[in-house]
Amino acid sequence: MNGTGLDEDEDNTSLEDNTLIDFIRVIWKKKYTRRIALFFIANLGFMFVEVLYGYLTNSLGLISDAIHMAFDCLALLVGLIAAYLAQGEEKEGYSYGMSRVEVLSGFFNGVFLIFIAFKVL
C-alpha cells in the first residue's frame, strides 16, 4: 500500500489510463492531428483486412502490401506521439518546450525509410 490507500498496481493502472486519455484528448483537439489519427485508424483497419484475405487466399501480394501498410502505420504513430510530446510545457533546459520533437520524428521517419530501402536492395 502507498500513502493514498491504494495498491501500487492500482495506482499505476490509473496513471496509465490517464496518460492514454490525455494522449487521445490532445490528439483530437487539433484538426491536423485528428486527421492523422483518423487516417492511422483507417490504415490499420485495411491492413488487418489485407492480412486476413491474404492469408485466406494465399496471396503473397496482399500480405506484402499489408506489411507495407504496417510501416506506414508506424510512421503515422511516430508522428502522433511527436505531436503529443510537442504539446508539453516549457521546462528548465527546454526553453522551447518539446516542440522540436516533431522535427526529430520527421528525421527518424526519413532515416527509417532509407534503412528499409537499403534492406530491400
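**Close-up views of a predicted model**

Phe108 is partly exposed, with a relative accessible area of 42%. The model shown in these views is predicted.

View 1. The title pair is aromatic and stacked: Phe108 and Phe112 lie 6.3 Å centre to centre, with 15 degrees between the planes. Both sit in helix H4 (residues 101-120), four residues apart, so about one helical turn separates them. In general, an α-helix has 3.6 residues a turn, so residues three or four places apart point the same way. Phe112 is buried, because its relative accessible area of 19% falls under 20%.

**View 2. Phe23 and Tyr84 pair across helices H1 and H3.** Three aromatic pairs are found in the whole structure. In one of them, the ring centres of Phe23 and Tyr84 are 5.2 Å apart and the planes meet at 70 degrees, so the pair is edge-to-face. Phe23 belongs to helix H1 (residues 8-29) and Tyr84 to helix H3 (residues 60-86), so the contact ties together parts 61 residues apart in sequence. Phe23 counts as buried, at 19% relative accessibility.

**View 3. The largest nonpolar core draws on H1, H2 and H3.** Eight residues make up this core: Phe23, Ile27, Ala37, Phe40, Cys73, Leu76, Leu80 and Ala83. H1, H2 and H3 are the elements that each give two or more residues. H3 supplies the largest share, four residues. In soluble globular proteins, nonpolar side chains tend to be buried together.

**View 4. Helix H3 and its buried residues.** H3 has 27 residues. From first C-alpha to last, H3 reaches 39 Å, close to the 39 Å expected at 1.5 Å a residue. The buried residues of H3 are Ala66, Met69, Cys73, Leu76, Val78, Leu80, Ala82, Ala83 and Ala86. Beyond four places in sequence, Leu76 touches Ile36, Phe39, Phe40 and Asn43.

**View 5. Asn43 is a buried residue of helix H2.** Asn43 lies in H2 (residues 31-56). Asn43 counts as buried because its relative accessibility is 7%. Its contacts, leaving aside neighbours within four places in sequence, are Met69, Asp72, Cys73 and Leu76. Of these, Met69, Cys73 and Leu76 are among the buried residues of H3.

**View 6. Arg34 lies over the face of Trp28.** Arg34 is placed 5.8 Å from the ring centre of Trp28.

Methods. Residues are numbered from 1 along each chain as its sequence is written. This is a predicted model: local features need pLDDT of at least 70, side-chain atom pairs count only at pLDDT 80 or more; totals for chains, interfaces and linings use all residues. Side-chain values use heavy atoms; hydrogens and water are left out. Buried means under 20% relative accessible area, exposed over 50%, partly exposed in between (1.4 Å probe, protein chains only). Contact means heavy atoms within 4.5 Å. Rings of Phe, Tyr and Trp (its six-membered ring) pair if their centres lie within 6.5 Å; planes under 30 degrees apart count as stacked, over 60 as edge-to-face and the rest as tilted. A charge sits over a ring if NZ of Lys or CZ of Arg is within 6 Å of the ring centre and within 35 degrees of the ring normal. The expected span of a helix is 1.5 Å times one less than its number of residues. A nonpolar core is a set of buried Ala, Val, Leu, Ile, Met, Phe, Trp, Tyr and Cys residues joined through side-chain atoms within 4.5 Å.
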